[in-house]
Amino acid sequence: MQPMLANRRILLIIGGGIAAYKSLDLIRRLRERGAQVRCILTRAGHEFVTPLSVSALCGERVFTDLFDPHSEFDVGHIRMARDTDLVVVAPATADLMAKMSGGHADDLASIVLLATDKPVLLAPAMNPRMWDHHATQRNVAQLGADGIRMIGPNDGEMAESGERGVGRMAEPLEIVAAIEGLFAKPGAGKPLAGRRLLVTSGPTHEPIDPVRYLANRSSGKQGHAIAAAAALAGAEVTLVSGPVHLPDPAGAKTIRVTTARDMLAAVEKALPADAAIFAAAVADWGIAAPDQQKIKKNKGGLPSLPLVENPDILATVAHLKSNRPKLVIGFAAETEKVIEHAKAKLRSKGCDWIVANDVSPQGGVMGGDRNTVHLVTDNGVESWPPQTKAEVARALVARVAEALGGERP
Ligand code: CTP
């Protein structure tokens, strides 16, 4: 089989941001898939990666400046802008995006971006405050209206400041998946076309009073990645998510809920589905009678908070007599005896597969970007290598497509 991006010509513009180091990996991943990658390194990009490392990875000379006599004589910026199948900007800085939005053209990168007649994909990366700024958001809206595609930015910790928020560049493999999506022929590479998928994600919050709640450490990253991968595979996806700090995944219908009961109601409303994947970390208990007013500290003694068991959403759906999805998949968050507990959960929940993961604090799975999972089915246990959550999502979606029997006629 030919690699996914065989003979595709990609012009990669590397802007000036700490995330530029990830663009080196992006070049490698694109070339692994058969793409030809030509690179422009902006003046600010130079501060973060060297032309030598970029050219070593892309296997060509790197273009660095508008008035570089080599780039002018050998290629010419207009030809460079047109002799490609796609222009990718990663990292796309606030400054580059502002220039694009305003149509500026004062260096090689901005001239090429103004002169190209090919699709452009941006992978923005910047400090969360810069991303949230009205000016950046105005530019994002303008670029969207101009037909520019965007992947990310993701929520997470900033490499340079340790701050958290939306602003991290999408991971190289996420960018690769977006590029493959752009090149995919309609219908091709869409093994879930015509299928309906339901995904739950994130924690649930169980109110104690109007200002306090019970919760857990789930970030929603794995569930959201599954919803995004399923949408990219052509499924009609409904994502029911508890409170998370993540953007809604592109291509999925996202329903935001707070409590386990809300989540069950939204899940029941979203049925029927061909497959349902329950990645949410649902709170097992809620407060029996949440207070309508903030509980005061000095009311004498400690408050008592009787708990009630929440509905088990996975087990409820797995035991449905009618409307049961053909494939019901649960997750098992365990801190010990992972596989043993997962096997028991497969039986007790009545689901078809369990994706088991070790969420002990030392593993960094909860809130982190990587995951090591075991797929537990009636046929046995498959242990997958450590991967990013996006990779786990793609592998799981591929398995779901296989189990549902490929494209629906
Ligand atoms: N789940 C659910 N509704 C609940 C609790 C869990 O749908 N009220 C689902 C989760 O989305 C996950 C699976 O059940 O797919 C297992 O969740 P997990 O928290 O690992 O297990 P619990 O059932 O909560 O059991 P325990 O906490 O005892 O391990």
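The expected span of a helix is 1.5 Å times one less than its number of residues. The views below come from a predicted model.

**View 1. Helix 1 and its length.**
Helix 1 covers residues 20-32. Helix 1 has 13 residues, and from its first C-alpha to its last it reaches 19 Å. This is close to the 18 Å expected at 1.5 Å a residue. After helix 1 comes Gly34, which has a positive phi, near 95 degrees.

**View 2. The buried residues of helix 1.**
Seen here are Ala20, Lys22, Ser23, Leu24, Leu26, Ile27 and Leu30, the buried residues of helix 1. They pack against three other strands and helices listed here among their partners: strand 1 (9-14), helix 2 and helix 9 (172-183). Strand 2 (36-41), strand 3 (86-92) and strand 7 (164-168) are also packed against by the buried residues of helix 1.

**View 3. Helix 1 against helix 2.**
Two packed helices are described by the angle between their axes and the distance between the axes. For helix 1 and helix 2 (residues 51-58), the angle is about 10 degrees and the axes are 9 Å apart. Angles under 35 degrees count as roughly parallel, so helix 1 is roughly parallel to helix 2. The crossing of helix 1 past helix 2 is right-handed. On helix 1, the contact is made by Leu24, Ile27, Arg28 and Arg31; on helix 2, by Ser53, Val54, Leu57 and Cys58. Of the residues in this contact, 5 are nonpolar, 1 is polar and 2 are charged.

**View 4. Helix 1 against helix 9.**
Helix 1 and helix 9 pack with their axes 9 Å apart, at an angle of about 45 degrees. The two helices are therefore oblique to each other. Helix 1 passes helix 9 in a right-handed crossing. Helix 1 contributes Lys22, Asp25, Leu26, Arg29 and Leu30 to the contact, and helix 9 contributes Pro172, Leu173, Ile175, Val176 and Ile179. The contact of helix 1 with helix 9 has 7 nonpolar and 3 charged residues, and no polar ones.

**View 5. Helix 14.**
Helix 14 (residues 389-404) has 16 residues. Its first and last C-alpha atoms are 22 Å apart, close to the 22 Å expected at 1.5 Å a residue. The buried residues of helix 14 include Lys389, Ala390, Glu391, Val392 and Ala393. Leu396, Val397, Val400, Ala401 and Leu404 of helix 14 are buried as well. Just after helix 14, Gly405 has a positive phi of about 90 degrees.

Notes
Residues numbered from 1 in each chain as written. Predicted model: local features only at pLDDT ≥ 70, side-chain atom pairs only at ≥ 80, totals over all residues. Heavy atoms only, no water. Axes fitted to C-alpha atoms, helices over the stretch in contact; angles between N-to-C directions. Helix = DSSP H or I, 4+ residues; strand = E, 2+ residues; numbered from the N terminus. Parallel < 35°, antiparallel > 145°, perpendicular 65-115°, else oblique. Left-handed = near helix turned anticlockwise from the far one by under 90°. Contact = heavy atoms within 4.5 Å. Nonpolar A, V, L, I, M, F, W, Y, C, P; charged D, E, K, R; others polar. Buried < 20%, exposed > 50% of the residue type's maximum accessible area, 1.4 Å probe, protein only.
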